[in-house]
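Please read the following report with the sequence and the 3D view side by side.

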Amino acid sequence: MEIIHKVKEKMPDIVLTTDIIVGFPGETEEDFEALCEFIKETEFDRLGAFPYSPEDGTRAALMERVDSDVAQHRAELIMGIQADVMEEFSTNMIGETLDVFFEDIDEKSGFGIGRCYADSPDIDWQVFFDNWHSFTPGTIIPVFIRDTAEGNLIGSAVTED
């Protein structure tokens, strides 16, 4: 883990992400506990945890597997461990101006919605911003981050006015 932390210190723009499947056939309670410790030590910037689901035609689908409720609970536990790390990552962005890919406009809030270099579509959190009216969706725009809300970044598009 020391190597990972040294790389992140020297290259802060690198985002360490992973997706994890829990409850795979043969996974024991000890395996799961070791996985939890690994996640705590590694401090992934972004992480998704998903319960195993069998795929027809695979050897794993024929194997005895962890109960689906247990697998779902394990995925939720992993995301609970990860929540503090991801919140810290977002909090550290406050005061920064990020290049954000402007995706859409949220009908309810009226905010622009986008993603920064750390966010994968449909997986990670988003950037919500006001002052977007001089920009169009599909462009990359500078957004000053002033807050977070449930891990999402909140900011204002930076204009030349």
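In strand S5, the bridge partner of Ile113 is Phe128. The model in which this pairing is seen is a predicted one, where local features need pLDDT of at least 70 and side-chain atom pairs count only at pLDDT 80 or more, while totals for chains, interfaces and linings use all residues. Residues are numbered from 1 along each chain as its sequence is written, and side-chain values use heavy atoms, with hydrogens and water left out.

**Strands and barrel**

Helices (H or I, at least four residues) and strands (E, at least two) are DSSP runs, numbered from the N terminus, and two strands pair if DSSP finds at least two bridges between them. Strand S4 (residues 112-115) is joined to S5 by three bridges, and the two run antiparallel. These strands belong to a closed barrel of five strands, which runs S3-S4-S5-S7-S6 with mixed pairing. From one strand to the next the twist averages 50 degrees, where axes are lines fitted to C-alpha atoms, for helices over the stretch in contact, and angles run from 0 to 180 degrees between N-to-C directions.

Two further antiparallel pairings involve S6. Five bridges join S3 to S6, and in S6 the bridge partner of Leu98 is Val143. Six bridges join S6 to S7, and here Thr148 has Leu153 in S7 as its bridge partner. The hairpin of S6 and S7 has two residues between the strands, and in this hairpin Glu150 takes a positive phi near 50 degrees.

**Aromatic rings**

A pair of aromatic rings is described by the distance of the centres and the angle of the planes. Rings of Phe, Tyr and Trp (its six-membered ring) pair if their centres lie within 6.5 Å, and planes under 30 degrees apart count as stacked, over 60 as edge-to-face and the rest as tilted. The structure holds four aromatic pairs, and the table gives two of them.

| Pair | Centre to centre | Angle between planes | Arrangement |
|---|---|---|---|
| Phe102 and Phe129 | 5.2 Å | 75 degrees | edge-to-face |
| Phe102 and Trp132 | 6.0 Å | 65 degrees | edge-to-face |

Phe102 is buried, with a relative accessible area of 0%, where buried means under 20% relative accessible area, exposed over 50% and partly exposed in between (1.4 Å probe, protein chains only). Phe129 also counts as buried, at 0% relative accessibility. Because Phe102 lies in strand S3 and Trp132 in the loop between S5 and strand S6 (140-149), their pair ties together parts that are 30 residues apart in sequence. Trp132 is buried, as is Phe102, and Phe102, Phe129 and Trp132 form one aromatic cluster.

**Helix H2**

Helix H2 (residues 29-42) has 14 residues and reaches 20 Å from its first C-alpha to its last, close to the 20 Å expected at 1.5 Å a residue; the expected span is 1.5 Å times one less than the number of residues. Which residues of H2 are buried? They are Phe32, Leu35, Cys36, Ile39 and Thr42. Seen down the axis of H2, its buried residues fall within an arc of 140 degrees, so they line one face of the helix; the arc is that of the directions from the helix axis to the C-beta atoms. An α-helix has 3.6 residues a turn, so residues three or four places apart point the same way. H2 is followed by Glu43, whose phi is positive, near 55 degrees.

Arg46 is found in strand S2 (residues 46-51). Is Arg46 buried or exposed? With a relative accessible area of 2%, Arg46 is buried. Leaving aside neighbours within four places in sequence, Arg46 is in contact (heavy atoms within 4.5 Å) with residues that include Val15, Gln82, Phe89, Asp119, Asp124 and Trp125.

Val66 lies in the loop between helix H3 (59-62) and helix H4 (68-91), and Val66 is buried, with a relative accessible area of 16%.

Thr159, in the segment after strand S7 (152-157), counts as partly exposed at 24% relative accessibility. Thr159 and Val143 are 16 residues apart in sequence and 9.0 Å apart in space, C-alpha to C-alpha.
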